[in-house]
Every structure is written in structure tokens, then in C-alpha cells.
Amino acid sequence: MTIVSKAPLVAIATVAALPAFADPLIVYTPQSTDRLEGIEAYVEERVDFDVEFVNMGGGAVYDRVLAERNNPQADVVFGLIDFLTAGLKLEGLLEPYTLEALDGLPEVYKDADGYFYGYRQTPITLSYNADVLAEGDAPASWEELAEPEWAGKFMIGALTWQTTRAILAGLFTRQMNDQGEMTDEGWAWFEGFYANAVIFEDGMNRAELMASGENAVSLNHFQGVQGDAANGGYAYAYVNTPGGTPIVVERNAIIAGAERMEQALAFLEVVQSVDFQVWNAETYGVIPVHPEAINRAPEDIRAAATMFDVQPIDWDLMALNLDTWLETIQLNLL
């Protein structure tokens, strides 16, 4: 395996019948590089070709597929979140497909037109260092983060990161009007939010900053909170916020014009399977989406699947508007 880091329905072929392929399957993914080697080994034990992961942030995956519209360089997008995958569909850059592994997958995790399917879910959480803040002193809602008392107390990542975009999708949903438009009042709230936020940059150690209490509040995905706490040696607590917690679903898709369709289908048959989702939960602590996989997952993973109230988010609306709203943040608030 090589891991490179850089910023009509098709019927599935039987994996056992596939011939050996000289060229690797090229997969664009924002998934953590420390997991890709294990995922590669799992997949390559079950298929007859090599996999080459090209790793970059979720926003960078989206931008790169757009840039390669007329000359696709990859075959599969693996683990891209809701609105980014929906955006690629709107741009006409995905190929619809179906798999045997999708049997029993709830409809909420399937694109209605068959362009992409979820394989794991991730709460995007508000949490805090419980060694530094008592429950009554911690922010009780996302909305409070624009208040002066939280200036410099929390971090947010770059706009290209898909976790950041998921956080902002939840915040936009809270601040837009009933017509799905951002108002002057909404932008005023974001001005206060970004005035308080510390922008995470290369070289910063989030675990150390959280452990010291300098940044005692965390805006991060479910496992990122746990990883920082383990590295920093502090206790943490999640906030089940009023209005719910954004739950993003990481989805898999075939890029339109993919040259390695048979390999793409075989790869996806593996990573969409219940067995893979259970292995992924046991190995890396991620939360599956298939009900059978959730039932077979470790107890803490089963609990995590129901820990948070879910924030309703119109991901199609986000796919249409997010780039424009992010540009406003970039130009006016950073």
C-alpha cells in the first residue's frame, strides 16, 4: 500500500472472480493516516489488487475531485462526510452503484439515487476539560461560545477540515432563518464566535493546551476528544446540547469516469460490509451505521450510538450554500 498525504447503477462483480490487476485502486480519503495501514491490510486480504490511499482533508478531497473533473485521477472517495459527498453528486462527479453489502442498511444512510452510502457515524461534539471546569461552569450550548467569557478558551480548525465544516454546518443551522438564509443577526453571532476562537495551526498541541486549561473547551469529533484527553492526561465530559449534536455520516462513492470500476466495487463491497464495520469499531473505536454492526460492536460503542440527541441538519442545503458561507468567514472574520 502507498499512503500519499496532500492538501445507471452498476452491478457488483463477485470478488472471488476478479482477476489480478497491475494498477492499484486509487482512493481519495480524509480518514486518519494512522488507520489506513490497518484498513489496507484488511481489504487486501479479501481482494486481488493493491490499494493506494491519497490522504488529505475532506475539503481538499472535494476540491481535488472538482479540479480533476475532466481528467479523473482517482476511482473512489472513502469516508467523506455528508454535505461534501452531496456536493460532488450535485456537480455530476459521482457514479451510482449498488452492492450486496448494503442489504439491511437503513435508508437514512443511503443516497436516494444510489450515488453514495454511509459506513460510520461521528458525533461532532462540544466538550470540556472536566479537571478544569465544573459542569455548571462549562458552556451548556454552542450559542454561548460567542459570549465574551469564552474568548480564547476554545479552538477551531482550518476551513478545509471536514470536522470544521461539520461544526460550522451545525452552527449555520442554528443561526439561519426559516428560509435557510443567513441573516445579519446570524453573521453578528459568527463575528463574536470567531473573535473568541483560537484557530488551530500546525505546531500547536491541542492536547497540551486542553490539559493546561488554556483552551478548556473542545470543538471536535467524538474520538478526537478522547484522543486529546488520553494524550493530555485529563478527564473530559461531553455536553448534550439543546437543539442536538451534529452527527455526520462518512460515506463512500465512486468517482465518475473511474477507470477501475471492478476494483472500486470490490473495495466498496468490503468496506461497506457488516464485518468490516464491526472490525472498525473493535479496532479503532468508531461507530458503525448498520444496525447489525452496532449490535455486534463493543458495549461502549453501542452506548455512543445513542448518547447524543441528534441535531437535524439539511445537508443538501449545506451542500448548496456552505462554500459561499465559508468564503464569507474567510474574507470577513479571519
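**Aromatic rings and their partners**

F308 has 9% relative accessibility and therefore counts as buried, where buried means under 20% relative accessible area, exposed over 50%, and partly exposed in between, with a 1.4 Å probe and protein chains only. The model is predicted, so local features need pLDDT of at least 70 and side-chain atom pairs count only at pLDDT 80 or more, while totals for chains, interfaces and linings use all residues. Residues are numbered from 1 along each chain as its sequence is written, and side-chain values use heavy atoms, with hydrogens and water left out.

Rings of Phe, Tyr and Trp (its six-membered ring) pair if their centres lie within 6.5 Å; planes under 30 degrees apart are stacked, over 60 edge-to-face, and the rest tilted. By this rule there are 25 aromatic pairs. One of them joins Y236 and Y238: the centres are 5.4 Å apart and the planes at 75°, so the pair is edge-to-face. Y236, at 33% relative accessibility, is partly exposed, and Y238, at 18%, is buried.

Y238 also forms an edge-to-face pair with F308, at 5.4 Å centre to centre and 85° between the planes. This pair links distant parts of the chain, 70 residues apart: Y238 lies in strand β10 (residues 236-239), and F308 in the loop between α11 (299-304) and α12 (315-332). Helices (H or I, at least four residues) and strands (E, at least two) are DSSP runs, numbered from the N terminus.

Elsewhere, ring pairs link Y42, F53, F78, Y119, F267, F276, W279 and Y284 into a cluster. The charged end of R46 sits over the ring of Y42, 3.6 Å from its centre; this requires NZ of Lys or CZ of Arg within 6 Å of the ring centre and within 35 degrees of the ring normal.
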